[in-house]
Each structure stands twice: as C-alpha cells, then as structure tokens.
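Dear colleague,

A summary of the findings follows it.

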Amino acid sequence: AALWNNLAYALARRQCRTEALAAVSCAIALAPDVPEFRDSLQELEAGGNETGNCAPVICPAHELPGEAE
C-alpha cells in the first residue's frame with residue numbers, strides 16, 4: 001500500500017492528478033486503517049491542474065485473490 005501512496009506523489013509531481021488520485025485510492029483500498037493515506041488523498045485533492053501525459057493507473061486491489069467470482 002505504501003508503494004501506491006509513493007506512486008501517487010510521483011504522479012502528482014508529473015502533473016498527473018487523476019492518476020495520482022487513483023493510486024492513493026488504491027493505497028487506501030489496500031490499507032484502509034492507515035490514516036496517512038487519507039491525509040495523502042486530501043493533500044492530492046487540493047493539488048493543481050492536470051497537464052501531464054499520463055498512463056492510466058489500474059489498481060489490483062479490486063481483484064484481490066479470493067474475491068473474484
């Protein structure tokens with residue numbers, strides 16, 4: 001989860017706001033009890049405009065083993 005949070009900040013520095021928010025949301029999905037990730041979300045939501053050329057972020061947290069039908 002911490003790696004997703006770090007990725008969010010790296011994406012934000014590249015002006016990839018949408019992808020940064022997706023990455024920090026993944027961190028929260030993987031570790032919902034870590035308050036720092038929610039703090040990161042609030043900080044990134046307050047960030048600037050998106051101007052980077054960014055690839056989409058795909059979070060595997062929505063397809064964790066044992067949850068697939």
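A contact, as the term is used here, means heavy atoms within 4.5 Å. The model is predicted, so local features need pLDDT of at least 70 and side-chain atom pairs count only at pLDDT 80 or more, while totals for chains, interfaces and linings use all residues. Residues are numbered from 1 along each chain as its sequence is written, and side-chain values use heavy atoms, with hydrogens and water left out.

The chain holds three helices and zero strands (DSSP runs, H or I of at least four residues for helices and E of at least two for strands, numbered from the N terminus). Of its 69 residues, 30% are buried (under 20% relative accessible area, with a 1.4 Å probe and protein chains only).

Helix H1 (residues 2-13) packs against helix H2 (residues 17-30) at an angle of about 170°, the axes lying 8 Å apart (axes are lines fitted to C-alpha atoms over the stretch in contact, and angles run from 0 to 180 degrees between N-to-C directions). H1 is therefore roughly antiparallel to H2 (a term for angles over 145 degrees). Residues of H1 in this contact include Trp4, Leu7 and Leu11, and those of H2 include Ala20, Val24 and Leu30.

Ser40 lies in helix H3 (residues 35-45). Because its relative accessibility is 4%, Ser40 counts as buried. Leaving aside residues up to four places away in sequence, Ser40 touches Asn5, Tyr9 and Val24.

Kind regards

Notes:
Buried means under 20% relative accessible area, exposed over 50%, partly exposed in between (1.4 Å probe, protein chains only). Angles under 35 degrees count as roughly parallel, over 145 as roughly antiparallel, 65 to 115 as roughly perpendicular and the rest as oblique.
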